[in-house]
Amino acid sequence: MRVAVIGGGVIGLCVAHYLERGGADVVLLERDLMGGGCSKGNGGWVCPSISRPLPAPGLTLTSLRWMLRADSPLYIKPSAMPRLMGWLWAFRGYCNAESYAAGVAALAALNAATDRLYRGLAEDGMEFERAESGTILAYDDESELRQTEELLTRLGEERVGPVDVLDRDALAEAEPDLRGGLIGLRMRGDTHVRPESLCAELAASLEARGVEIRTGQRVVGFTPEAGRVRMALTAAAGSGAAANGDPGRLGADLFVLAAGAETAALVATLGRKLPVQAGKGYSITVRNARVRLSQPLHVTPARIGFTPFHGAVRVIGTMEFSGINRLLDPRRIAILERAARRYLPGALEGTERADWVGMRPVTPDGLPAIGRLPGFPNVYVATGHQMLGVTLAPSTGHALAQLVLESRSETDLTPFDPARFT
């Protein structure tokens with residue numbers, strides 16, 4: 001079976017990996033560089049313990065108005081509101097305790113194989129930066145900490161690993177450079193990877209195994225015939241004569257659309273709708289930062305995080321809905337800067353700095369869309385992973401490959417079925 005995977009981020013790369021391992025003849029197409037989109041500058045957290053849907057109980061019209069402020073952690077650009085209204089209304093409908101609990105349970109089930117699959121990638125000979133350091137959630141509000149602790153207790157240690165409660169002295173001992181007199185929870189079962197090195201190793205492994213990789217090409221349409229897709233129409237990415245000339249043709253038996261936030265546009269060319277919006281995230285990476293940090297750290301009061309890598313620290317956070325674009329808004333970077341100076345002085349001081357923005361794919365219920373596209377028996381989608389792409393990539397790739405090649409999956413993919421939006 002020849003399978004065309006559209007999208008070379010961490011999700012598409014993992015889908016291609018497990019399809020090839022299952023015996024498929026895979027061709028992987030990416031409009032940019034492999035791992036060059038949303039996968040490039042994110043925090044790299046592998047955090048089954050805190051995998052939750054984005055819509056949560058408590059969203060009100062007041063908080064929606066607050067989101068129109070450019071300095072808020074979750075920002076909706078006013079000019080994008082008209083085209084977002086339907087999606088936001090659906091999002092608000094999932095902000096209830098029942099939907100949230102069901103989403104947490106579904107994500108926990110999908111994450112059940114995460115640690116095993118990451119270890120499997122390393123056993124396959126892939127050498128990417130990975131650390132079994134745990135993750136710390138820091139709070140200034142004890143009631144908020146207790147709510148998270150109760151949620152983790154309900155999930156059980158077999159799902160999330162051991163959890164330690166850290167008072168102010170214990171947190172200060174764990175992370176001496178952290179300021180603010182915070183308390184925290186440490187999830188010892190979480191790990192983190194450097195996403196750039198993970199994507200590079202996945203791509204190199206696929207190429208070494210004979211997978212055809214095409215970069216600098218975008219899909220502009222498909223050729224449906226008798227209810228199936230026969231070919232993807234491609235053009236050179238960017239502008240110029242190559243981009244505007246006659247389209248190329250990529251034939252396959254089956255197609256997997258894993259192009260992140262742009263998957264919705266691909267689905268639209270087939271006359272279908274998939275409610276995926278781009279939730280832009282920002283990061284600052286500082287080489288040789290003058291700060292000590294031993295594990296990923298989320299500062300809940302500021303809604304930002306920090307990740308230590310070899311020779312670097314990455315500051316991550318914010319969510320912006322402004323449509324599909326890669327415009328870097330300095331006001332959003334300023335949020336990260338202010339929080340870093342307050343809570344982790346020295347994180348922005350180093351030998352080199354890189355600011356980044358990427359488009360996270362977000363569905364209104366906060367769960368990925370994984371499975372067959374309604375109306376097309378040979379088209380599948382894998383997108384909508386919001387801030388959990390690195391965490392869920394191997395389990396998504398493994399489960400979807402089983403579904404494609406064996407018409408079944410060890411993981412129940414019902415909660416993630418794209419047909420739930422039709």
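Student: Is Cys38 buried, partly exposed or exposed?

Tutor: Burial is read from relative accessible area, where values under 20% count as buried and values over 50% as exposed. In this predicted model, Cys38 has a relative accessible area of 25%, so Cys38 is partly exposed.

Student: How many disulfides does the structure hold, and where is the cysteine sulfur nearest to Cys38?

Tutor: A disulfide is a pair of cysteine sulfur atoms within 2.5 Å. The structure holds zero disulfides; for Cys38 the nearest cysteine sulfur belongs to Cys199 and lies 10 Å away. Cys95 is likewise in no disulfide, the nearest cysteine sulfur being that of Cys47, 20 Å away, and Cys95 counts as buried because its relative accessibility is 12%.

Student: Which residues does Arg290 touch beyond its sequence neighbours, and where does Arg290 lie?

Tutor: A contact is read from heavy atoms within 4.5 Å. Leaving aside residues up to four places away in sequence, Arg290 touches Pro345, Gly346, Glu349 and Gly350, and Arg290 lies in the loop between β15 (277-287) and β16 (297-299). Arg290 counts as exposed, because its relative accessibility is 55%.

Student: At what angle do helix α5 and helix α13 pack?

Tutor: Angles of 65 to 115 degrees count as roughly perpendicular. Helix α5 (residues 114-123) and helix α13 (residues 389-406) pack at about 85 degrees, with their axes 9 Å apart, which means that α5 is roughly perpendicular to α13. Thr114, Leu117, Tyr118 and Leu121 of α5 meet Val390, Thr391, Pro394, Ser395 and His398 of α13, and the residues of this contact divide into five nonpolar, four polar and no charged.

Technical notes:
Residues numbered from 1 in each chain as written. Predicted model: local features only at pLDDT ≥ 70, side-chain atom pairs only at ≥ 80, totals over all residues. Heavy atoms only, no water. Helix = DSSP H or I, 4+ residues; strand = E, 2+ residues; numbered from the N terminus. Buried < 20%, exposed > 50% of the residue type's maximum accessible area, 1.4 Å probe, protein only. Axes fitted to C-alpha atoms, helices over the stretch in contact; angles between N-to-C directions. Parallel < 35°, antiparallel > 145°, perpendicular 65-115°, else oblique. Nonpolar A, V, L, I, M, F, W, Y, C, P; charged D, E, K, R; others polar.
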